[in-house]
Amino acid sequence: MDRAEKQQLVTTLTDVFKSTSVVVVAHYSGLTVAQMSRLRRQMKASGATVKVAKNRLAKIALEGSDVAHVASLLKGPTVIAYSSDPVAAPKVAVEFAKANDKFVILGGAMGTTALNVDGVKALATLPSLDELRGKLVGLIQAPATKIAQLTTAPATKLARVFGAYAKQDEAA
């Protein structure tokens, strides 16, 4: 890797660290190419990205960013997973770690907050941004549906009462 390529990688990583909301750092030593490809596909499907970068270059890119405290985790063969959705990357990383013993989560960051392994696992248990939006829309729609039912209920009851009186008059 020549100097220009290194500079380009540092620039790319700097942009990534400034624009993402969550970063997960993990060891991947011993994973096969097929397993890494599966991890990349799963991350991409959930809207996250996986990057294997030289630790020294990643540390340079981390300088001055909100997630700079992640630099202490960059030792050995590490992989960096990140996403704009605060739940996507941790969720995929935790699920992948359960299936592959050689993928070890070291920690991460969400904004300026440092996350240990338990913090990453806690984030993974939260519902995704899309699920939360769906629940919110459901909660917003529920009162509107109830209001519509309540406004039509009195008219229905009145119609039944008038119908009953009409039947009484016909019978008499």
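Two residues are in contact here when they have heavy atoms within 4.5 Å of each other. The model is predicted. By that rule Ile105 touches Val24, Val25, Ala26, Ala93, Val94, Ala97, Val117 and Val120, leaving aside residues up to four places away in sequence.

Ile105 is also one of the residues with the most contacts inside the largest nonpolar core, which has 22 residues. Val24, Leu39, Met43, Ala89 and Phe103 are the others named for this. Elements giving two or more residues to this core are β1 (22-27), α2 (33-46), β2 (48-51), β3 (78-83), α4 and α5. Helix α4 supplies the largest share, five residues. Apart from this core lies another, of 19 residues, including Val16, Phe17, Val67 and Tyr82.

Helix α4 (residues 88-99) also meets helix α5 (residues 117-125): their axes come within 8 Å and cross at roughly 105 degrees. Because angles of 65 to 115 degrees count as roughly perpendicular, α4 is roughly perpendicular to α5. On the α4 side the contact is made by Pro90, Lys91 and Val94, and on the α5 side by Val120, Lys121, Leu123 and Ala124. By class, this contact has five nonpolar, no polar and two charged residues.

The count of salt bridges comes to one. Glu95 forms a salt bridge with Lys98, with the closest N and O atoms 3.6 Å apart. Both residues lie in helix α4, three residues apart, about one turn of the helix.

| Residue | Relative accessible area | Class |
|---|---|---|
| Glu95 | 46% | partly exposed |
| Lys98 | 60% | exposed |

Methods: Residues numbered from 1 in each chain as written. Predicted model: local features only at pLDDT ≥ 70, side-chain atom pairs only at ≥ 80, totals over all residues. Heavy atoms only, no water. Axes fitted to C-alpha atoms, helices over the stretch in contact; angles between N-to-C directions. Helix = DSSP H or I, 4+ residues; strand = E, 2+ residues; numbered from the N terminus. Parallel < 35°, antiparallel > 145°, perpendicular 65-115°, else oblique. Nonpolar A, V, L, I, M, F, W, Y, C, P; charged D, E, K, R; others polar. Core = buried A, V, L, I, M, F, W, Y, C linked by side-chain atoms within 4.5 Å. Buried < 20%, exposed > 50% of the residue type's maximum accessible area, 1.4 Å probe, protein only. Salt bridge = Lys/Arg side-chain N within 4 Å of Asp/Glu carboxyl O.
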